[in-house]
Amino acid sequence: MPEYDFISIGSGPAGYSSALHAARLGAKVAVVEKGVIGGECLNYACIPFKSLLHHVKLYYSIRKCIESGVCKGDIKLDVPSLNSFRSRIVSKLRGNLIKLMERNGIEIYYGEAYRIRDGSVYIKSDDGEKAIEGKNILLALGSKPKLIKGVRVDGLRVLTSRDAVDLKNIQGELAVIGGGPVGIEVATLYNALGCRVSIFEMMNTLLPGLDRDISKRLEYNLRRMGIKVYTSKKILEVKTGDKVDIYLEDGSRSSFDNIVLAIGRTPNTDNDLIRSIGLKLDEKGFIVVDDMQATSIEGIYAAGDVTGPPMLAHKAYFEGLNAAESIVNKRALRKPDYIPLTVYSYPEVFTIGLSEYEYNYLESIKIPLTVSGKAFSEDVKGLIKIVYSRRDKRVYGIHIIGDIASSLSELSTVIVENSLKYDLIIDTLFPHPSYGEAIWEALAYLEGISIHLD
């Protein structure tokens, strides 16, 4: 039976980052994958959606150019070409990842891990069954789209976000159920493709949990683009026939050609593998781990979506690296204080840190992105909100909405995660023209030395 220092079950962001790091630290590593290398993020979510949304952004930019009179003619998105581009990007990245794993001596086993017993992982595939032995095992099983009870997903009329990325059935009226990041991105994409899109969100605002000023601004922008937004709407039932009918708690009914379920994700822990171990889960089915990613069973670790929200690839990367460090070097990495979030809608949204509504010692300043000469010259509209404290002159949150919000995400993350004092940022010379000057201007304004704000 092959023996390894470290076995990762799952090859998504948590699984492959952990496997690569452990291998580079000198461990003998294997990865077990029942689907395709790269997991949900690379194959069905982060990467393919962003490749599609990149072209949506180009599409809207060219439309703005035409509307301004600078560009002439007409433009539309070609769905077959979009699908082809998406497939090429995903295939290329997946191939690169496989080569990277092979160069680092990682052995890949394709098949489903269905049992763990006494350090052995049992795998079944089309080629039969086999077992491999590992001193340490990582559960990087990921998650799957959450469904509405009693609603059958057929991939044609009723879709999940995974179905939506394939652009199989684009027509008429589309309802997106869920106003979180995934729902907003799906709505933006399908609106650009010509669907008449409606978003239904159970909470009283889009992007629940994010800064309320940014959420309101996003809703305003989506409505301007022709997307209908319905908040505080709880869905009781969905029926399919010639149309897909949605029945709401308020007694109303709406009919659509298609619906996309984007109401969140659930961990992949309801299976024979987890039952074979008997480890501790919380009330929502997430695997309970400590600061070293260790589970309740010695020698078994967990990382990524299975350990709980937020279900984001960069959080999974961190936990994967943390698991490898814990196993090989017997130490935990420092856990980030804040986890940033970018929504690649149109306009984009970026957020990290606190809102001034959370603590009475916090204040905020809101400025238009166009205070940056570069943003103004490119007709980039939007808002930056910076949350700070006068008592220690530190930045505690940065929230942005606008076409280039993601371009400011790295700078904003460094500032907030390190609780930088704003006089330190003011003393830094920013290049001109640049988007980041908007952040400098806002903080300089607090000290009375802003150039373009009065």
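## Helix packing

Helix α1 passes helix α4 in a left-handed crossing. The model described here is a predicted one. Helix α1 covers residues 13–24 and helix α4 covers residues 79–103; the two pack at an angle of about 25 degrees, and their axes are 10 Å apart. Because angles under 35 degrees count as roughly parallel, α1 is roughly parallel to α4. On the α1 side, Tyr16, Leu20 and Arg24 take part, and they meet Leu97, Leu100 and Met101 of α4. The residues of this contact of α1 with α4 comprise five nonpolar, no polar and one charged.

Helix α1 also packs against helix α9, which spans residues 313–329. Here the angle is about 35 degrees and the axes are 7 Å apart. The crossing of α1 past α9 is right-handed. From α1 the contact involves Pro13, Ala14, Tyr16, Ser17, Ser18, His21 and Ala22. The residues they meet in α9 include Ala313, Tyr317, Gly320, Leu321, Glu325 and Val328. By class, the residues of the contact of α1 with α9 divide into eleven nonpolar, four polar and one charged. Tyr16 is listed in the contact with α4 and in the contact with α9.

A further pair is formed by helix α3 (residues 46–68) and helix α6 (residues 181–192), whose axes come within 10 Å and cross at roughly 50 degrees. This angle makes α3 oblique to α6. Helix α3 passes α6 in a left-handed crossing. Among the α3 residues in the contact are Phe49, Leu52, Leu53, Val56, Tyr59 and Tyr60, while α6 contributes residues including Glu185, Val186, Leu189 and Ala192. The contact of α3 with α6 is made up of nine nonpolar, two polar and two charged residues.

| Helix pair | Angle | Axes | Crossing |
|---|---|---|---|
| α1 and α4 | about 25 degrees | 10 Å apart | left-handed |
| α1 and α9 | about 35 degrees | 7 Å apart | right-handed |
| α3 and α6 | roughly 50 degrees | within 10 Å | left-handed |

## Sheets and strand pairing

Strands of a sheet pair through backbone hydrogen bonds, either parallel or antiparallel. Within it, strand β19 (residues 348–353) is joined by six bridges to strand β22 (residues 394–402), and the two run antiparallel. Val349 stands opposite Ile401 of β22.

Another open sheet has three strands in the order β12-β13-β14, and its pairing is antiparallel. The edge positions belong to β12 (235–240) and β14 (253–256), each pairing on one side only. Strand β13, residues 244–248, is joined to β14 by four bridges in an antiparallel run. In this pairing Val244 stands opposite Phe256 of β14.

Strands β4 (residues 112–117) and β5 (residues 120–125) run antiparallel and are joined by five bridges. Ile116 has Val121 in β5 as its bridge partner. The hairpin of β4 and β5 has two residues between the strands, and Asp118 takes a positive phi near 50 degrees there.

## Aromatic pairs

The count of aromatic pairs comes to ten. In one of them, Tyr4 and Tyr109 are edge-to-face, at 6.1 Å centre to centre with 80 degrees between the planes. This pair links distant parts of the chain: Tyr4 is in strand β1 (residues 3–9) and Tyr109 in strand β3 (residues 107–110), 105 residues apart.

## Backbone details

Which residues are joined by a cis peptide bond with omega of about -5 degrees? They are Pro309 and Pro310. Pro310 lies in the loop between β17 (300–302) and α9. A cis peptide bond also joins Tyr346 and Pro347, with omega about 5 degrees. Pro347 is placed in the loop between β18 and β19.

Asp379, a residue other than glycine, has a positive phi near 60 degrees. Asp379 is found in the loop between α10 (373–377) and β21 (382–389).

Definitions and conventions:
Residues are numbered from 1 along each chain as its sequence is written. This is a predicted model: local features need pLDDT of at least 70, side-chain atom pairs count only at pLDDT 80 or more; totals for chains, interfaces and linings use all residues. Side-chain values use heavy atoms; hydrogens and water are left out. Two strands pair if DSSP finds at least two bridges between them. Axes are lines fitted to C-alpha atoms, for helices over the stretch in contact, and angles run from 0 to 180 degrees between N-to-C directions. Angles under 35 degrees count as roughly parallel, over 145 as roughly antiparallel, 65 to 115 as roughly perpendicular and the rest as oblique. A crossing is left-handed if the near helix is turned anticlockwise from the far one by less than a right angle, and right-handed if clockwise. Contact means heavy atoms within 4.5 Å. Ala, Val, Leu, Ile, Met, Phe, Trp, Tyr, Cys and Pro count as nonpolar, Asp, Glu, Lys and Arg as charged, and the others, Gly among them, as polar. Rings of Phe, Tyr and Trp (its six-membered ring) pair if their centres lie within 6.5 Å; planes under 30 degrees apart count as stacked, over 60 as edge-to-face and the rest as tilted.
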